[in-house]
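Try each task before you read its solution.

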Amino acid sequence: MSYRQRMGRLLRFGKAGERRRKSRQEAARGLRVLVVDDSRAVVASLSGMLEQNELEPVCAGDAEEALALAREHPPDLIFLGILLPGMTGFAMLRQLRRDPATAKVPVIMISGKEDAVEPYFLDRIGSDDFMQKPFGRGEVFTRIERLVEQGRLPARPTRFSG
């Protein structure tokens, strides 16, 4: 067996089309996604990814603005930074969970810190998932797909050929 074949097996590469064992479950088009982070680069990057997948991003740079947006028009999903100016993401998450209008909205927390305690703490106060910065497109949509599979977000209708 060649080096390339061994590495391919190690990395679980197969023939074309074998990498994904099940079909992808994408979120329904047009879902409203609130993106909250103090980094303009993170907001722009995440918003671009969401738009390319036909989702509707709504952006905020701090928790106060985000809470007002969420209460006015509850989103389908929230990406929420932890370290924000003024109110922290932790405090915002607590308020979201106490408000009946936003209590069931899935929240994916994002942070650049490599603190293993954060995911545990977030689970205890009601976060649905945790994503560490920097993140890529694959990670973002894997997390969204997980919420679709759990029934927390509506799925995009599948196309039938025939």
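**Helix 2 and its surroundings**

Let's start where helix 2 ends: E54 comes after this helix and has a positive phi, near 65 degrees. (Helices are DSSP runs of H or I with at least four residues, strands are E runs with at least two, and both are numbered from the N terminus.) The model is predicted, so local features need pLDDT of at least 70, side-chain atom pairs count only at pLDDT 80 or more, and totals for chains, interfaces and linings use all residues. Residues are numbered from 1 along each chain as its sequence is written, and side-chain values use heavy atoms, leaving out hydrogens and water.

**Exercise 1.** Work out which residues of helix 2 are buried, and on which side they lie.

*Step 1.* Buried means under 20% relative accessible area, exposed over 50%, and partly exposed in between (1.4 Å probe, protein chains only). In helix 2, the buried ones are V42, V43, L46, S47, M49 and L50.

*Step 2.* They share one side of helix 2, because their arc around the axis is only 160 degrees (taken from the directions from the helix axis to the C-beta atoms).

*Step 3.* Turned away from that buried side is a face with the exposed residues R40, A41, A44, E51 and Q52.

**Exercise 2.** Find out whether A27 is buried or exposed, and what it touches.

*Step 1.* A27 sits in the loop between helix 1 (3-10) and strand 1. Its relative accessibility is 2%, so A27 counts as buried.

*Step 2.* Beyond neighbours within four places in sequence, A27 contacts L55, I144, V148, P154, A155 and R156 (contact: heavy atoms within 4.5 Å).
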